[in-house]
Amino acid sequence: DWSSDVCSSDLKTRCFKLTEQLKSWDQILLQWLYKMIGYLVHLTPIAVFTAMTKVVGVQGFGAMKGLAAYLLACAGGMFLQVILVYQAWIKWIAKRSLKQFWKEIKEPVIYSFGVNSSLATLPLTLNALKRLKVSEGSARLSACIGTNLNNDGILLYEVVAVLFVAQAFGWHLAVGQQLVLALICIVATVGVAGVPDAGMISLSLVLSSVGLPLEILPILMTVDWVLARLRSVNNVIGDATGAIALDAILKSPSEKIE
């Protein structure tokens, strides 16, 4: 019995030491991972500049026209989504005042543009919905869950970006193929993290899935500073609109009259 107790104690000591060593190795690997990510962040502007230099050197400044058209198409699509779709939902489905809506949603919209993240803006979005007298259940269902599922800004951006890349490389896409691409973009945006530039990561997955080259991504990143913030703004407004519309649908007739 005494010898078995000694062996058991020795085994526990060895396991404890091994666990501590594994923890120290994990810390070392994590530090190296942080350093590698830091190097990538610092090298990304150089990669973008190099890619643009190559394009301008081969094609001239005419390529800038296509890039400007891409920027305007993405920004215009998101603008129409807000003006036509979201406002129609607020006005005709939720029966809400647009003036009151924009007054309360102004703060999270400006903040999301600054931090480039719908997830970081979530507390402000919930406060705005509370001021708009949206029930807590509808607000949390649409805004909290919608932050990961309802990424309208990223979806609109990805569809335009994929079609732009396909045209740039001379791919002729029929209507059916365009619809399939749109479906792939919808699937890719579900569950995208609400962190800065997450749309660019999911875009690379979509391009790879349809066989389009990833070499054009650095060129698209030259205007992504603006588009990323517009995507975040679109996502925040979409979450708020979904919460308001859901609350209006779930309310009883007597509550709506009140």
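Which residues are exposed on the other side of helix 7? I will come to that after a word on the source. This is a predicted model, where local features need pLDDT of at least 70, side-chain atom pairs count only at pLDDT 80 or more, and totals for chains, interfaces and linings use all residues. Residues are numbered from 1 along each chain as its sequence is written, and side-chain values use heavy atoms, without hydrogens and water.

Helix 7 covers residues 175-189; helices here are DSSP runs of H or I, at least four residues, numbered from the N terminus. Leu181, Cys185 and Thr189 are buried in helix 7, buried being under 20% relative accessible area and exposed over 50%, with a 1.4 Å probe and protein chains only. They sit on the same side of helix 7, because they cover an arc of only 70 degrees around the axis, taken from the directions from the axis to the C-beta atoms. On the other side, Leu179, Leu183 and Val187 are exposed.

Now to serine 112, in helix 3, residues 98-115. Serine 112 has a relative accessible area of 0%, so it is buried. A polar atom of its side chain lies 2.8 Å from the backbone oxygen of valine 109. Beyond neighbours within four places in sequence, serine 112 contacts Ser117, Thr121, Ser232, Val233 and Val236, contact meaning heavy atoms within 4.5 Å.

Last, the packing. Helix 3 and helix 10, residues 224-250, have axes 8 Å apart and an angle of about 145 degrees; axes are lines fitted to C-alpha atoms over the stretch in contact, and angles run from 0 to 180 degrees between N-to-C directions. Residues meeting there include Trp102 and Ser112 from helix 3, and Val233 and Ile237 from helix 10.

Methods. Helices (H or I, at least four residues) and strands (E, at least two) are DSSP runs, numbered from the N terminus. A polar contact is a pair of N or O atoms within 3.5 Å; within protein, one must be able to donate a hydrogen and the other to accept it, and residues adjacent in sequence count only if both atoms are side-chain atoms. The expected span of a helix is 1.5 Å times one less than its number of residues.
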